[in-house]
Structure formats: C-alpha cells, structure tokens
Amino acid sequence: MGPYPCGSAATGWEGGRSEAPCAAPEIDGLLAGAGYRVRSSDLCHVAQRLERLESAMVGSSGNHVDFAHPASDAVHYNPSDLAAWVDSMLSELAPADPGPARHAPAPDAWEDQIYSQPQRAVAARMEEEEDSGIRLVHLLMSSADAIQRGDVALAGSLIDEMRLLLTRVNTGFGIGKVAGYFVDALTRRLFSASSAAAASGSPAEYEILYHHFYEASPYLKFAHFTANQAILEAFEGHDRVHVIDFSLMHGLQWPALIQALALRPGGPPALRLTGIGPPSPDGRDSLREIGLRLAELARSVRVRFAFRGVAANRLDDVRPWMLQVAPGEAVAVNSVMQLHRLLSDPDSPGPAPIDSVLAWIRGLRPKIITVVEQEADHNKPGFLDRFTEALFYYSTVFDSLEAGRASCSGAQQQQSTAVAEVYLQREIRDIVCCEGPDRAERHEPLMRWRARMIRAGLRPVHLGSNAFKQARMLLTLFSGEGYCVEEVDGCLTLGWHSRPLIAASAWRADDFDEDARPIPDNFIFNSISNTNESNSSINNNAAMLRRRNSNNNNSRSSDSSSQQESIHGM
Amino acid sequence: MAGSNEVNANESKMAVPLNTWVLISNFKLAYNMLRRPDGTFNRHLAEFLDRKVQANATPVNGVLSFDQLIDRSTNLLVRIYRPAPVPDSEDPQTSPSSATSSIFSSLISPPSPDPFPVIIFFHGGSFAHSSANTAIYDSLCRRFVSLCNAVVVSVNYRRSPEYRYPCAYDDGYAALKWASAQPWLHSGKDSKLRVFLSGDSSGGNIAHHVAIRAIESGLTISGNILLNPMFGGQTRTESEERLDGKYFVTLQDRDWYWKAFLPEGADRDHPACNPFGPNGIDLKGLPYPKSLVVIAGLDLIQDWQLAFVEGLKKADQDVKFVYREQATIGFYLLPNTDHFHEVMEEIKCFVSSNC
C-alpha cells in the first residue's frame, strides 16, 4: 500500500458516505467517485480482463442478447472491487483461459497511462504471458522457415530461445502447451538421427493412446456414430451384411452397430465383420481377441456374427481376396482416419497407393463406404506451410481438450485427457519430423477427398439430416460447449468454435457396370470449381451411369484361399 | 467474431481515457448480464451490482443531499441536492446553539435570497438501469449544484420493464408538480419557480415529455437541458449502422430497451421514442421551453438526436445544440476530458442566462 495511512479509501464507499475519498495514491479517484475501487496501476489489467469477459460472453452468433445467463446463478462478490468481480465472472464463464493467440496485445495507446510501480504484480504477469505466447508463435514460424531454407544453425538457436521462453510461460494449457509439443517435434527433426522417430511405440501402445483419445474427446465418437448411422441405413433390407473395418483398434465402433442391428425392425441380419490391423509382434493374436469379445456381445443380443481378422502393416498390403466377400452380401467399407496414410507427396510423380486401394474398394461393389478424416491440409509439400497449418489445427484440438478437462470431474477423465495429448503428439511429430514414405499423417481436407473419391468412380451418399440432428444431440453429452456440427454437401464435420476438425462422408459403388470407365477428369473440374453448375453436371453423369447400367449384376467369383481363421458367433 | 470485438475494443479505447473505458465497459458487460432475451430483466442482480450512495445532510464540498418521498401511492422518491444553508449568525433565534432549531427546516430553507434555479434531473439508464442514488448520478447532481448554484431534484422514477410508458413520464410530471408546490423553491421578487428539466439518455427523453405535459398544464419551464437524450425510430439510420457496437452501445441493446419501455405491440415510431416521427405532435406555436441539447459524435443514436433538434427548430422552438464530435456516451460521468468541462460550462451559461 502507499505511504498514506488513510482508511477511507478502503472502507468509505461501503458505508455510502458521500465524501470525496481520501484516496491512497494508488486508487483511481474518479472511479472511486463512481463507486469502484481500482488501483490506478491495475487499470490496464482490469481493462484486459473486461475484454476477455466480453469475449467469453459473446456466443457463437456474436449475439449479446443470446447470452445464456449463467451469471444469474453465479455468485457475485463485492462489485466495488472491480478487478475481483471481473475475475470471478471470468472464472464462471470461461473456466479454461483461452490461449493468448486469440487476443490482441495491449494497445500502444495505453502505455503512457501505466504508472510505473515497483510491484506490477498480476497486471504485469498477465501481459508478460500474453506477450510470451505471441513471441512463441513468432519463434515457431521463424524456426520452421529457417528449416525450410536449410538454415540449421538459425533454427537451432531459435529452438534454444523457445525452450527458454517455455520456462517462463504456463505450459499447462493454451499456447504454452501446444508450443511445447511443436518445439519438441522441431528438436527431433533437427537433431534425431533418422526421420522415423515418430514411429516409436508398438501397435499395442498406439491402441491404448487411441482408446484414451476416444474417451477424452468427442471426435472419434462422432466418427463412429456417423459411420454407423450410414451403415445401418445402407444395410436396410439386407439379410447378409459384411463390414470391413480398415483399422479395428479395440473394436470400439462395433458394439453400437451390433446393438442397433439387433433392434432392427424385422430382425437383425447375419453380420460378418472383417477387421484389418497390424500383426501382433509377441505371438498374441490381438485381432482375434477383439473378435471374440465382439462375438460374445453379438451372441448376447442374438445377432448371428462371424469375425475374420486380416493382419497387415499397411492397407496397401491388403488384397481384396483376403476379405472373402461372398456373393449376395451387402458390403460396408469403414475407414476412420486411415486413407490419408495411403497418400504420397502431392508433387511426387506416379500413382499413390490410395489409387489402387480405392480401385479395389470399388471392385468390392460396397453398398456404403464410410470415410472419416481429419479436416486439415497437412499434406502440403512446403514445410513452413504444413507446419503453420498443423500449429493452428492442433492448437484448436488442444483447446477443445482443455475445455473438456476443465469441465469434467472424474480423475479418470483427467487422465484420459493427458494420454490423449500423447496420441496427438505422435501425429504432430509425424507431420513435423517425417518426410517421404516415413510420413503417414498426410491429412487432406474434405473437398479434396471428395474429388478423389469421385475420380475413383465412387458415388456420394448424403449423410442425411437424421445423422446431423443426432450428432448434434450427441454433443450435448459433452460440456465445454464449443463444439459445432456442420453439414456440408451431405457430409458432416465436427469442429471447435467454428473450425472444423474432423469430417465424415459416405460413398457407394454398387450400382454401375463393372466395365464402365472411371469418370473423366473434366468432370471433377466442373464439380469442384463451379459450384453453381456442379449439381447439374453431377446429375447428368449420374443419369448417364444409370442408363448404362440397368442390370445390377452382383455375382463375383471369390478366391478360395484363406489365410486367417474366422470366428463365428451364435 | 472474437476478432471484431478486438477491433471495437481498440476503437473505443482510443476515444476515451482508460478509467472511463473501464467504467463504461463494466457497465456494458454488467448490463448485458441483466437483460434477458425474453424481455425480462434481472432486477435483483441489477440492484446488487448498482453502486449507490446514501444521502448526506452534512455538506461535502458545500453540497448536501436528503431524500424525500413525494408520492406515497407510487413510492416516488426524490433526492434533493442544495448548497449548504448559510447560518444567520446575527439572529439569535436561528443560531446553531438554539435547542429548538429544526434541522429539517434549515434543509428546506431557500439557499439564497436571490433568484436561484431548480433543476429537476432525470438520471439515465435507458429507462431500466440506475436510480437517483446511483453513485455516478449523485456525483453529477452535486456538480450541478456547485456549477449553477442550483437546487437539484433528482427523480427516482419507475423503470422498465416492470413499469412501462408512461410511468416514467407520470413520475417526472409528479415531481414537477411537487416542486411547484414547495414555497422554499420559489425565489426572486416575483416568487417564481425557476425550473429546468434535465436528464441524460432516457432522462433526456423524460425531460422532453415532461416539458410537453407542463405546457398542457400551464406550468412554465425556464429551460430543458438534454445530455445525449435517448430517442429512436423504426428505420435504421446511418449513424446507427456505422457505429453499431463500436463505442460501447449496440443497436441490439437499444432495441431491447425500447421494447421494454414502450407499450406492448408498439414499434419505435411511438411518439415516446420518436417525438417528431410519423406519430409525433406539432409543437409549433406552443410555449415549449428553450432547450440545450448536447450530442456526442460517437453515440450511435445521434441521427435521432439530430432529428429531434431539427424537429424543435422546424417548430420554431429555441434550441441550442452542442455537438461534441469525439465524445462517446457517458462523457459527462467523469471530469477527465475537455468534453466534460466544456459542456459543464455550456450548462452553466444556459442556466444562468435563462434563470
């Protein structure tokens, strides 16, 4: 406090005495006259907190009137202590303090008005943190740029500077946390012997990370839910159905589908599930174990069930005959965040593995192909571009995780969030450290996937308003209300605060002539560059396909060689 | 969205001193919490958050205040501010040591033998917020006393949405009638009530409408002082669109307050809101008081305020209009800008020349 031992500044206004306050020099006298006690040195800090409070109050529509009034349930402390009141409102409305990257730095116009004091306390610390956050982002960009130009020395010194800065910021949340992961990835890129650093860890470990990511956030649940909806609808009217899962993991997606099929009006079909996954190194057959568990569940709900595991390290090692698609069964191909691994560098010549895989998928004539991918462009050839895109993408994902963690109470949930971050860290490392065939996380945006699927001769299936509404309802199970489900041309995306992060789409290839050639490139040009007329050209081509194929001939001979055991339920 | 908030915050920060920005932004956010989308208002929380001060009959800087209930049927309170009474030391009967001297009678003694103005003040708050004992208005009224050697009567009128039009006007007129029945407020050789109606924001609107009622009942008003008076209309004006959300105020909140004040089903061309609009009355030839209208150049409703001034001029009424180009709403709340000091001078001149 100041040298003046005057008590009225502290107590005068509670009693409502209308004296001019004998203010200790720190208290702003004019605000005191208005009934608010604020230290002059805190004015800047209080102003910033007010700005944050406003941001926290403004809903997604930018609409103050729609503000959902949790303030009426909030406890309001002494409003005269303005700094404390604003802080208490902020903690009610924005429990996870968002990263400073979203807030403007303190404007220059106020620097004159900040009184210099030996202890700037909270105001100064807040400013420093915000400044550090912005500095971190700048340093990250600069080091990525240095790496792209081959200036290893500069990149190294920038990384040192960032490490130092990270000791001064809060790395528990926000930009500090994400920056930490990216600095780690940059370090590995510069100083690790091989670029295959990201591929550390066994498949079993990866499955555990995946499971925690599934628990800690709605992204995978959204993926499974929307895919299952589409599969369920595609299977209507079919007695024998076959789901091919491109990455079985712990089979988390399938109990819900099995149960939904069990409840189908008219009775469940006979369900076959073929799960593709990496081979188990230690002689265990983890695919089989998961199959057994799912068979047990199917038996309990009286669904005829058969499981086959296909062990393959890469999807392009799989051959269609391994899947043993039988004549007359309705086929669903399900790929959750797998197809991007089959892409190559955009500027490398020749076909990418994705092309042959899409070709044999098409050859299976599936009733439905469900594709879920990260909604980001992490396959850009330029390192700086890719790095920048990833920084903002993963910042957003981390923000959403943080909001989820702040609003949940269970210790287990908190732990899941921590492990989920490790899951994401692997992706970050892959994108930042790996080049060429070592890089697996080649995420591409929905628009490009759609073009690719159409080019491969697959027809889009509208995900439907039912799926949309139900996906939205699913999200109400999660607090941290920042998630948004959007529908884009029959595809669904889930995002955080209007940034889509994951996109689900559905396709089919069951109703055309086997000999029909794939649709020519100029069709894709029409469909993605000229949205006004795209509908008409798609309609024209669809009509052309229907005319060409009046006989839907599903018969195929299948190879009899089988490499894996199959497991039958029931 | 978050970006545009930053832009707006930066613009408004450039326009006002830091403590003013903190004060008005705090009001803005607190008020946002009080308005509900269904048109109801969190009155309980509003009263809790409002910074109020008690009346003080002990002079502070030469000004004292006391509250009076002037209408029991509506619980209408006014807070009266006046210069400290000068004790008559020559008259032994009124000396302070007299055991029978009545404190109250000294309170309601005329402040001076010479003519003095009585300013009836209606606080702002868009018809919904604040009270006569709100700290910011207590300060302003005290300043008017010193500035103009006036007695200020601050009216605690009934607020919306609980009490819609015309309650605030009824209360304002009741206060005027009360003042005209107080002998101690009459001054000069002709023992006249030299009354000015004044107010900021919604208070300015009330002052205008009370002046019209005064005409109808034959009471003479010496002058109207309107600070950023709150008017509006159904159409959207250029200033509303240009300044929406930029300087603490949004069109959306303006619409909410009108909806809360005007009768159900009325639109903003109701004459309470738009006195010179399609439903307005013609003031030509009527003894409407001289007006001083102060308009802030960064107030989004200035086009309506300018239309009000035009309306008065077209009706051949005497209006002095002061336009402070760089001022925002609430500039008169803290004495930390030229706008504040220069406008106070204008008010002083206006009152003294019309008293």
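Biologist: How many helices and strands does chain B have?

Modeller: Counting the runs defined above gives both numbers for chain B. Chain B has eleven helices and ten strands.

Biologist: What share of the residues in chain B is buried?

Modeller: A residue counts as buried under 20% relative accessible area. Chain B has 355 residues, and the buried share of them is 59%.

Biologist: What part of the contacts in chain B with a separation of 6 or more joins residues 24 or more positions apart?

Modeller: A contact requires heavy atoms within 4.5 Å. Among the contacts of chain B with a separation of 6 or more, the part between residues 24 or more positions apart is 76%.

Biologist: Which stretch of chain B has a pLDDT below 50?

Modeller: Chain B averages a pLDDT of 91, and 93% of its residues score at least 70. One stretch falls below 50, and beyond near neighbours in sequence it has three contacts in the model. Where pLDDT is low, predicted coordinates should not be read in detail. The stretch is residues 89–101 of chain B.

Biologist: What are the ipTM and pTM of the model?

Modeller: Both scores belong to the model. They are ipTM 0.91 and pTM 0.50.

Biologist: Why is strand β4 of chain B largely enclosed by the rest of the structure?

Modeller: Strand β4(B) covers residues 151–155. V151(B), V153(B) and V155(B) point one way, V152(B) and S154(B) point the other way, and all are buried. In a regular strand the side chains alternate between the two faces of the sheet.

Biologist: Which strand pairs with β4(B) in the parallel sense?

Modeller: Five bridges link this partner to β4(B). The partner is strand β3 of chain B, residues 118–122.

Biologist: Is H208(B) buried or exposed?

Modeller: H208(B) sits in helix α7 of chain B, residues 202–217. Leaving out residues up to four places away in sequence, H208(B) touches N224(B), L226(B), F231(B), P275(B), L283(B), Y288(B) and F308(B). Its relative accessible area is 0%, under the 20% cut-off, so H208(B) is buried.

Biologist: How many cavities of 30 Å³ or more does a search of the whole structure find?

Modeller: Rolling a probe the size of a water molecule over the atoms shows where empty space is left. Over the whole structure, the number of cavities of 30 Å³ or more is 15.

Biologist: Which element gives the most to the lining of the largest cavity?

Modeller: The largest cavity has a volume of about 430 Å³. It is lined by 29 residues, with Y31(B), S126(B), S201(B), R254(B) and I329(B) nearest its centre. The elements giving two or more residues are α2 (18–34), α5 (135–148) and α9 (251–261) of chain B. With five residues, the one that gives the most is α2(B).

Biologist: How do the residues of that lining divide by class?

Modeller: The classes are nonpolar, polar and charged. For the largest cavity the division is 14 nonpolar, nine polar and six charged.

Biologist: Which elements each supply at least two residues of the lining of the second largest cavity?

Modeller: The second largest cavity holds about 170 Å³ of space. It is lined by 18 residues, and A30(B), Y31(B), A46(B), L49(B) and D50(B) are the closest to its centre. The elements are α4 (82–93) of chain A together with α2 and α3 (43–49) of chain B.

Biologist: How many charged residues are in the lining of the second largest pocket?

Modeller: About 1,100 Å³ of space lies in this pocket. Its lining has 41 residues, and N313(A), R314(A), R341(A), R426(A) and A440(A) lie nearest its centre. By class there are 20 nonpolar and nine polar residues, and the number of charged ones is twelve.

How values were computed:
Residues numbered from 1 in each chain as written. Chains lettered and ligands numbered in written order. Predicted model: local features only at pLDDT ≥ 70, side-chain atom pairs only at ≥ 80, totals over all residues. Heavy atoms only, no water. 1 Å grid on protein atoms, 1.4 Å probe; cavity = no way out; pocket = protein on both sides within 12 Å on 5 of 7 lines; lining within 4 Å. Points joined across faces, edges and corners; volume = space filled by probe spheres on them. Nonpolar A, V, L, I, M, F, W, Y, C, P; charged D, E, K, R; others polar. pLDDT = per-residue confidence, 0-100. Buried < 20%, exposed > 50% of the residue type's maximum accessible area, 1.4 Å probe, protein only. Helix = DSSP H or I, 4+ residues; strand = E, 2+ residues; numbered from the N terminus. Pairing = 2+ DSSP bridges.
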